[in-house]
Amino acid sequence: MTYVVLENCIKCKYMDCVEVCPVDCFYEGENMLVIHPDECIDCGVCEPECPAEAIKPDTEPGIEQWITLNADMAQSWPNITMKREAAPDAKQFDGRPGKFKEFFSPEPGKGD
Ligand code: SF4
Ligand code: F3S
């Protein structure tokens with residue numbers, strides 16, 4: 001099992017999750033983070049920390065696309081272990097539907 005970052009992280013990218021992960025298994029894209037499934041120890045600490053409620057366990061129904069995307073992107077995006085300031089417009093995107101189609105970027109983020 002692993003925890004998985006879902007669509008609502010896109011363009012919110014609050015990064016509260018990276019501060020609490022005991023094994024530093026978050027990886028950063030241009031506008032979202034993912035969890036490396038082979039590094040996550042399933043502690044569950046990050047799930048309630050995300051203000052966008054964008055983290056769920058992989059047992060959640062209907063999230064197959066996100067399980068695959070987290071595993072794929074964690075291979076090429078840089079590791080992030082320290083929270084930075086979220087974008088000033090992050091709140092505007094919280095809960096907005098269709099963010100994957102409209103905004104998902106496969107480009108890597110800055111990392112640490
Ligand atoms: Fe890190 Fe635990 Fe969240 Fe996995 S469940 S990403 S180990 S905080
Ligand atoms: Fe994304 Fe939530 Fe972390 S919005 S960056 S999963 S705190």
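This is a predicted model: local features need pLDDT of at least 70, side-chain atom pairs count only at pLDDT 80 or more; totals for chains, interfaces and linings use all residues.
**Entry 1: methionine 32**

I began with methionine 32 and listed its contacts, leaving aside neighbours within four places in sequence.

**Entry 2: the nonpolar core**

Next I looked up the largest nonpolar core. How many residues does it have? I found 36. Met32 is among those with the most contacts inside this core, along with Phe26, Val34, Ile35 and Ile55. Then I checked which elements give two or more residues to the core. The strands are β1 (3-5), β2 (26-28) and β3 (33-35). The helices are α1 (16-20), α2 (64-73) and α3 (90-93).

**Entry 3: threonine 2**

I moved to threonine 2, in the segment before β1. Is threonine 2 buried or exposed? Its relative accessible area is 7%, so I put it down as buried. The cut-off for buried is under 20%. I then looked up what threonine 2 touches, not counting residues up to four places away in sequence. I wrote down Ile35, His36, Pro37, Cys40 and Asp42. Lys56, Pro57 and Asp58 complete the list.

**Entry 4: the largest pocket**

I turned to open spaces. The largest pocket holds about 190 Å³ of space. Which residues lie nearest its centre? I found Lys13, Glu30, Asn31, Ala86 and Ala87, out of 14 lining residues. I sorted the lining of this pocket by class: 8 charged, 5 nonpolar and 1 polar.

**Entry 5: the cavities**

How many cavities of 30 Å³ or more are there? I counted 3. About 70 Å³ of space lies in the largest cavity. It is lined by 13 residues, and Cys21, Cys25, Cys40, Cys43 and Cys46 are the closest to its centre. By class, I noted 11 nonpolar residues in the lining of the largest cavity, with 1 polar and 1 charged.

The second largest cavity has about 60 Å³ of space. Cys9, Cys12, Lys13, Tyr14 and Met15 line it, together with Asp16, Cys17, Leu33, Cys50 and Pro51. I sorted this lining too: 8 nonpolar, 2 charged and no polar residues.

Definitions and conventions:
Residues are numbered from 1 along each chain as its sequence is written. Chains are lettered from A and ligands numbered from 1 in the order in which they are written. Side-chain values use heavy atoms; hydrogens and water are left out. A nonpolar core is a set of buried Ala, Val, Leu, Ile, Met, Phe, Trp, Tyr and Cys residues joined through side-chain atoms within 4.5 Å. Buried means under 20% relative accessible area, exposed over 50%, partly exposed in between (1.4 Å probe, protein chains only). Helices (H or I, at least four residues) and strands (E, at least two) are DSSP runs, numbered from the N terminus. Contact means heavy atoms within 4.5 Å. On a 1 Å grid over the protein atoms alone, a cavity is a set of points where a 1.4 Å probe fits but cannot get out, and a pocket is an open set with protein on both sides within 12 Å along at least five of seven lines; lining residues have an atom within 4 Å of a point. Grid points are joined across faces, edges and corners, and a volume is the space filled by probe spheres set on the points. Ala, Val, Leu, Ile, Met, Phe, Trp, Tyr, Cys and Pro count as nonpolar, Asp, Glu, Lys and Arg as charged, and the others, Gly among them, as polar.
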